[in-house]
Amino acid sequence: MEMVYVAHKFTDNPAANIERAKQITNALQRADTNSLYVTPLLALSHIASGELGYEKEMELCLALLDRCNRMIVASEISKGVQMEIDHCRQKGIPIQYLPP
């Protein structure tokens, strides 16, 4: 089963961005039940923002991304999303961009 990472901005409005990432990831999953869709905004929700520090939290996101077959960018490009895009380019992970 393919695993798909759903990247979404976080910091400018965490609660709204988490909810939006949840809705998008849910819609993607319902449309494609042959793949597993994951978003770090939910997968790492047990960690409070800043609890481990930005760099360590992004390291966890990138570790999750490394286990995925491709990435979907589902929001505007923030600093963190750009790090994820750069990581995909370095690792050869395909990237898809959803329309805004």
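Biologist: Which residues does Arg-70 touch, not counting residues up to four places away in sequence?

Modeller: A word on the ground rules: this is a predicted model, where local features need pLDDT of at least 70, side-chain atom pairs count only at pLDDT 80 or more, and totals for chains, interfaces and linings use all residues. Residues are numbered from 1 along each chain as its sequence is written, and side-chain values use heavy atoms, with hydrogens and water left out. Contact means heavy atoms within 4.5 Å. With that cut-off, Arg-70 touches Glu-2, Met-3, Val-4, Tyr-5, Asp-32, Tyr-37, Ile-93, Pro-94 and Gln-96.

Biologist: Does Arg-70 count as buried or exposed?

Modeller: Arg-70 sits in strand E3 (residues 70-73); strands (E, at least two residues) and helices (H or I, at least four) are DSSP runs, numbered from the N terminus. Buried means under 20% relative accessible area, exposed over 50% and partly exposed in between, with a 1.4 Å probe and protein chains only. Because its relative accessibility is 18%, Arg-70 counts as buried.

Biologist: With which side chain does the side chain of Arg-70 make a polar contact?

Modeller: A polar contact is a pair of N or O atoms within 3.5 Å; within protein, one must be able to donate a hydrogen and the other to accept it, and residues adjacent in sequence count only if both atoms are side-chain atoms. For the side chain of Arg-70, the partner at 3.1 Å is the side chain of Gln-96.

Biologist: Thanks! Which backbone nitrogen does the side chain of Ser-75 reach?

Modeller: Ser-75 lies in the loop between E3 and H4, and its 18% relative accessibility is why Ser-75 counts as buried. Beyond four places in sequence, Ser-75 is in contact with Ala-7, His-8, Lys-9 and Val-81. The backbone nitrogen that the side chain of Ser-75 reaches, at 2.7 Å, is that of Lys-9.

Biologist: Which helix gives the most to the lining of the largest pocket?

Modeller: A pocket is found on a 1 Å grid over the protein atoms alone, as an open set of points where a 1.4 Å probe fits, with protein on both sides within 12 Å along at least five of seven lines; lining residues have an atom within 4 Å of a point. The largest pocket has 23 lining residues, with Phe-10, Leu-41, Ser-49, Glu-57 and Cys-61 nearest its centre. Helix H2 (40-43), helix H3 (54-66) and H4 each supply at least two lining residues. The most, five residues, come from H3.

Biologist: Last one: which residues line the second largest pocket?

Modeller: Their classes are five nonpolar, one polar and two charged. By name, they are Arg-20, Ile-24, Ala-74, Ser-75, Glu-76, Leu-98, Pro-99 and Pro-100.

Conventions: Ala, Val, Leu, Ile, Met, Phe, Trp, Tyr, Cys and Pro count as nonpolar, Asp, Glu, Lys and Arg as charged, and the others, Gly among them, as polar.
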